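These are my notebook entries on one structure. I set down what I looked up, entry by entry.

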Amino acid sequence: MTITIKTPAEIEKMRVAGRLAADVLDMISSHVQAGITTLELNDICHRYIVEEQQAIPAPLNYKGYPKSICTSINHVVCHGIPDDRKLKDGDILNIDVTVIKDGYHGDTSRMFTIGKISGVAQLVTRVAKESMELGINMVKPGVKLGDIGYAIQQYAEKHHLSVVREYCGHGIGTEFHEDPQVLHYGRAGTGIALEPGMTFTIEPMVNAGKRHVRLLNDGWTVVTRDRKLSAQWEHTVLVTTTGHEVLTLGVKQ
Ligand code: MF3
Ligand code: CO
Ligand code: CO
């Protein structure tokens with residue numbers, strides 16, 4: 001396992017990439033409305049990243065992934081592939097954006113809600129966000145990765161929700177997915193200690209029902225086994241000497 005410690009020059013490039021990824025989510029938010037398809041959202045993001053930002057949408061062709069963003073609706077946990085399904089009232093949607101700029105990656109996702117959503121949809125969306133924030137707020141040198149996973153899991157389970165185990169946060173830099181793996185569950189006091197200059201994502205997937213997931217035949221789309229709702233939020237975070245810096249903060253979130 002090799003965890004890269006970013007130099008000040010690399011950190012500056014990570015800041016740029018992170019800002020661009022957040023800008024894409026800010027840009028797309030006004031388009032997320034009943035009637036639009038996830039493929040249309042993909043195409044708007046693709047053009048914006050390539051033409052306005054002069055950046056690269058990292059998912060496109062990544063291990064054969066066919067589109068530029070991931071769009072995960074309702075019981076889809078992650079890696080939903082944009083298609084011709086129209087958003088409709090009551091849907092909850094995760095849009096996950098990763099851009100490459102000057103060789104460095106920025107990775108972030110948010111939940112969007114369409115029209116009037118159910119109480120359970122509100123709960124899972126809110127607790128997913130708060131569990132991510134709880135994890136981020138713990139980040140500082142010396143804290144162990146297991147402390148973060150433990151805190152996220154405790155928080156979700158306190159609300160009678162569950163945390164997906166098969167997918168996790170990750171180191172990020174010149175590679176989309178670097179070491180370490182950032183689990184969203186675990187035991188306090190275990191795992192590696194954080195050091196200044198590490199960059200990684202925190203991206204908990206929180207389910208309304210049981211934690212178990214299933215991969216669809218397209219090889220990408222991950223759904224809850226019990227078909228209950230799932231929500232996810234993601235930021236890219238830098239460990240600083242005194243704490244942390246969130247590299248993917250937008251203005252609308
Ligand atoms: N952005 C996702 C993550 O947070 C990874 C998507 S991989 C893809 O790690 F190929 F589906 F795009
Ligand atoms: Co990620
Ligand atoms: Co992502």
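Is Asp107 buried or exposed? I found Asp107 buried, with a relative accessible area of 2%. In my notes, buried means under 20% relative accessible area, exposed over 50%, and partly exposed in between, with a 1.4 Å probe and protein chains only.

Entry on conventions. I am working with a predicted model, in which local features need pLDDT of at least 70 and side-chain atom pairs count only at pLDDT 80 or more, while totals for chains, interfaces and linings use all residues. Residues are numbered from 1 along each chain as its sequence is written, chains are lettered from A and ligands numbered from 1 in the order in which they are written, and side-chain values use heavy atoms, with hydrogens and water left out.

Entry on the whole chain. I noted four helices and 15 strands; these are DSSP runs numbered from the N terminus, helices being H or I of at least four residues and strands E of at least two. Along its principal axes the C-alpha trace spans about 45 × 45 × 35 Å. Of the 253 residues, 54% are buried.

Entry on the cobalt ion (ligand 3). Donors are N, O and S atoms within 2.8 Å of the metal (3.2 Å for Na, K and Ca); water is not among the atoms, so sites may look incomplete. The cobalt ion (ligand 2) lies 3.3 Å from the cobalt ion (ligand 3), and Asp107 coordinates both. I then placed the pair that links distant parts of the chain: Asp96 is in strand 4 (residues 92–101) and Asp107 in strand 5 (residues 104–113), 11 residues apart. Asp96 is also buried, its relative accessible area being 11%.

Entry on ligand 1. Which residues come nearest to ligand 1? Of the 14 residues around it, I listed Pro59, His170, His177, Glu203 and Glu234 as nearest; a residue counts as near if one of its heavy atoms lies within 4 Å. An N or O atom in the side chain of His177 is 2.8 Å from an oxygen atom of ligand 1. For Glu203, I recorded a polar side-chain atom 2.8 Å from an oxygen atom of ligand 1. The protein buries 97% of the 340 Å² that ligand 1 exposes when taken alone; accessible areas come from the Shrake-Rupley method with a 1.4 Å probe, and for residues only the protein chains shown count as cover.

Key: Polar contact = N/O pair within 3.5 Å; in protein donor to acceptor, adjacent residues only side chain to side chain.
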